[in-house]
Amino acid sequence: GENIRIDDAYEQDMDVPIYYDPMIAKLVTWGTDRNEAIELMKTAINDYLIDGISTTLPFASYVMNHPAFTEGDFDTHFVKKYFTQEDADTYNRAMAYDAAVLTLGKWLKDKDKLAFCDNPLSNWSKR
């Protein structure tokens, strides 16, 4: 999207070797000011999809939403000062809850327009 850059070397269905460089892609955003760039980064992280390997996207989202980072009050000891596994787990649960609520709201709004697959070979079925 606009003001979003992804530098990568991998595409869908490519194998990432066991000894891959830990930085398989670089996600960069920019804006008219720091806050705009941070908000765009949050959106880009939420829209980014990588399957098959673990990534640091959840951690990046945690950082982008942390008050110390958004207020510019951080240094190279950010992880040691602010990041705990409990914080990450709590944040991930909150994000999952928000996603579920948004999905349910969308479904309730559009349920009368939705159609189910009639293909007998599909795992989707009418209920």
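What percentage of the residues in the chain is buried? After that, please take me to the packing of helix α2 and helix α5.

Tutor: Of the 127 residues in the chain, 17% are buried. Keep in mind that this is a predicted model. The chain exposes about 10400 Å². Carbon and sulfur atoms supply 55% of that area.

Next, the layout. The chain has 2 strands and 5 helices. Read from the N terminus, the order is β-β-α-α-α-α-α. Take the contacts between residues at least 6 apart in sequence: 37% of them join residues at least 24 apart.

Now the part you asked for. Helix α2 covers residues 57–64, and helix α5 covers residues 85–110. Their axes lie 10 Å apart, at an angle of about 90°. Angles of 65 to 115 degrees count as roughly perpendicular, so α2 and α5 are roughly perpendicular to each other.

Which residues meet there? On the α2 side they are P58, S61 and Y62. On the α5 side they are D87, A88, Y91, N92 and M95. By class, this contact has 5 nonpolar, 2 polar and 1 charged residues.

Finish with S61, which lies in helix α2. Its relative accessible area is 8%. Buried means under 20%, so S61 is buried. Leaving out residues up to four places away in sequence, S61 touches I45, N46, Y91 and M95. Of these, Y91 and M95 are in α5.

Note on methods: Residues are numbered from 1 along each chain as its sequence is written. This is a predicted model: local features need pLDDT of at least 70, side-chain atom pairs count only at pLDDT 80 or more; totals for chains, interfaces and linings use all residues. Side-chain values use heavy atoms; hydrogens and water are left out. Helices (H or I, at least four residues) and strands (E, at least two) are DSSP runs, numbered from the N terminus. Buried means under 20% relative accessible area, exposed over 50%, partly exposed in between (1.4 Å probe, protein chains only). Contact means heavy atoms within 4.5 Å. Accessible areas come from the Shrake-Rupley method with a 1.4 Å probe; for residues, only the protein chains shown count as cover. Axes are lines fitted to C-alpha atoms, for helices over the stretch in contact, and angles run from 0 to 180 degrees between N-to-C directions. Angles under 35 degrees count as roughly parallel, over 145 as roughly antiparallel, 65 to 115 as roughly perpendicular and the rest as oblique. Ala, Val, Leu, Ile, Met, Phe, Trp, Tyr, Cys and Pro count as nonpolar, Asp, Glu, Lys and Arg as charged, and the others, Gly among them, as polar.
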